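Trainee: I'd like to learn how to read a structure like this one. Can we go through it feature by feature?

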Amino acid sequence: MSELAAPAATTTPTTTPKVGFVSLGCPKALTDSELILTQLSAEGYATSKTFEGADLVIVNTCGFIDDAVKESLDTIGEALAANGKVIVTGCLGARAGDAGGNLVRQMHPSVLAVTGPHATQEVMDAVHAHLPKPHDPFIDLVPAAGIKLTPRHYAYLKISEGCNHRCTFCIIPSMRGDLVSRPIGDVLKEARALFEGGVKELLVISQDTSAYGVDVKYRTGFFDGRPVKTRMLDLVQALGEMAEPYGAWVRLHYVYPYPHVDDVIPLMAEGKVLPYLDVPFQHSHPDVLRRMKRPASGEKNLERIARWRELCPELVVRSTFIAGFPGETEAEFQHLLDFLREARIDRAGCFAYSPVAGAAANDIPGMLPKEVREERRARFMAVAEEVSADKLKRRVGATMQVLVDSAPALGRKGGVGRSYADAPEIDGTVRLLPPQKLSKRLAVGEFTKARIVGTDGHDLVAEPI
Ligand code: SF4
């Protein structure tokens, strides 16, 4: 058994949270302990040499032979008796008891959390749930929300990395690997830090937002000591509730049209998150979607969008498409144009298919000449603009909430903002005219109400009120 202490313990202020740490077992367990201690130290926790002097104790256990099991269970018992708050990790944490269930929990039901080996993040989640790390602006080199490259009033929140799909035109999985969802506690903690730091619009991103948590089997994590499932609906609900007191927006990107997405639409209708969905459909024809190996390619997307709009008439759908995919016939392309008109996609982008080195689609027969691909893209964009312009015109006369992105001359000469229908960088904007009221000023990062008076291409023109 070895007890480890942080070098900074003697110089750390008394308010610094202290963790007692016992490391048992083999060198593999020791390296797990080192990872956890490194993370604790990086986050500003100190370690305590005694159980009594700690705010919480972590025991990294061994479950290899009977003696090691006994030593581990005895140590957990000692820590519970002396301190009371104990997190158990390591090989014994993964062992089942005689009657099934978890052995450690059977022997010591009052432990706070139990994880298996190689579980730094789960251990840190448990530590955060029971002993929050205070943010100290004089010590921490970066803000709680991390370093951001976006303007102060909006930020991207990445919820996962990688992707389990294998779309034939895409090489992202070969570069970034399979889906790895970030722990829900970390995601929500980052979101709260962003709202506290002044963010008024949070943009949820990933490769496949609907798949959040699939890789960890929708594991239950912790936030503020409460259990939350690592699942899209639970995440969106929690973000919506969190954003409310800040009057902030939550916008969802890269959502694939799986059936469970239907459950998110009522949250949009209730105003918890923006009624805006970025769904990369890429095509509408089932055969092309099959050749693309698209996720949710069997879904009836027209019916689905119609149902979403019944539940939430304000819903804005943005999407991206590929024209001229290998083997695309004129009839398949027409199917796409009909889909665009019928689905009334509010904002659509389109790429002419272009081969990517290493993509499986390069081996699909029927590569179309570049002129055909470009010509189809142009025809697509003409229809997309028709649909979008018609939808924009219907907004004239309405009053909308607009988030101001720029406001020169101290906001007296108008500015540029966005409504719920416009994501930054990819959609249109709302051009704000100089305020009529002398007392009215526009301010960057603030919301203003505005009456829509006209359209200008992809943009709206509005009078602040
Ligand atoms: S295009 Fe397909 S494979 Fe590529 S990241 Fe998106 S879902 Fe995954």
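Trainee: Which way do Val86, Val88 and Gly90 point from S5, and which way do Ile87 and Thr89?

Mentor: Val86, Val88 and Gly90 point to one side of S5, Ile87 and Thr89 point to the other, and all of them are buried. Buried means under 20% relative accessible area, exposed means over 50%, and partly exposed lies in between (1.4 Å probe, protein chains only). Strands here are DSSP runs of E with at least two residues, helices are runs of H or I with at least four, and both are numbered from the N terminus. Five of the five residues of S5 (residues 86-90) are buried, so the strand is largely enclosed by the rest of the structure. One caution: this is a predicted model, where local features need pLDDT of at least 70 and side-chain atom pairs count only at pLDDT 80 or more, while totals for chains, interfaces and linings use all residues. Residues are numbered from 1 along each chain as its sequence is written, and side-chain values use heavy atoms, with hydrogens and water left out.

Trainee: Which residue is the bridge partner of valine 59 in S5?

Mentor: Two strands pair if DSSP finds at least two bridges between them. Here strand S4 (residues 56-61) pairs with S5 in the parallel sense over five bridges, and valine 59 has valine 88 as its partner. S5 also runs parallel to strand S6 (residues 113-114), joined by two bridges. Valine 88 turns up again there, opposite valine 114 in S6.

Trainee: What about a helix? How many residues does H12 have, and how far does H12 reach?

Mentor: The expected span of a helix is 1.5 Å times one less than its number of residues. H12 (residues 370-393) has 24 residues and reaches 34 Å from first C-alpha to last, close to the 34 Å expected. Its buried residues include Arg373, Arg376, Phe380, Met381 and Val387. The buried residues of H12 pack against several elements, among them helix H10 (301-311), helix H11 (330-343) and strand S20 (447-456).

Trainee: Which residues have the most contacts inside the largest nonpolar core?

Mentor: A nonpolar core is a set of buried Ala, Val, Leu, Ile, Met, Phe, Trp, Tyr and Cys residues joined through side-chain atoms within 4.5 Å. The largest one has 56 residues, and Leu252, Leu277, Phe321, Ile345 and Phe380 have the most contacts inside it. Helix H7 (residues 232-243) gives the largest share of this core, seven residues. A second, separate core of 20 residues includes Leu274, Tyr276, Ala421 and Ala423. Back to phenylalanine 380: contact means heavy atoms within 4.5 Å. Leaving aside neighbours within four places in sequence, phenylalanine 380 is in contact with residues including Phe321, Phe333, Leu336 and Cys350.

Trainee: At what angle do the axes of H10 and H11 cross?

Mentor: Axes are lines fitted to C-alpha atoms, for helices over the stretch in contact, and angles run from 0 to 180 degrees between N-to-C directions. The axes of H10 and H11 come within 10 Å and cross at roughly 10°. That makes H10 roughly parallel to H11; angles under 35 degrees count as roughly parallel, over 145 as roughly antiparallel, 65 to 115 as roughly perpendicular and the rest as oblique. Asn301, Leu302, Ile305 and Arg309 of H10 make the contact with Phe339, Glu342 and Ala343 of H11.

Trainee: In what order do the five strands close into a barrel?

Mentor: The order is S17-S18-S19-S21-S20, with mixed pairing. Neighbouring strands of this sheet are turned by 50° against each other on average, direction ignored.

Trainee: Now a loop residue. Is proline 424 buried or exposed?

Mentor: Proline 424 counts as buried because its relative accessibility is 5%. Its place is in the loop between S18 and strand S19 (430-432). Not counting residues up to four places away in sequence, proline 424 touches Tyr154, Tyr156, Glu201, Leu203, Arg251 and Arg418. By contrast, lysine 300 counts as exposed at 60% relative accessibility, and lysine 300 sits in the loop between helix H9 (286-292) and H10.
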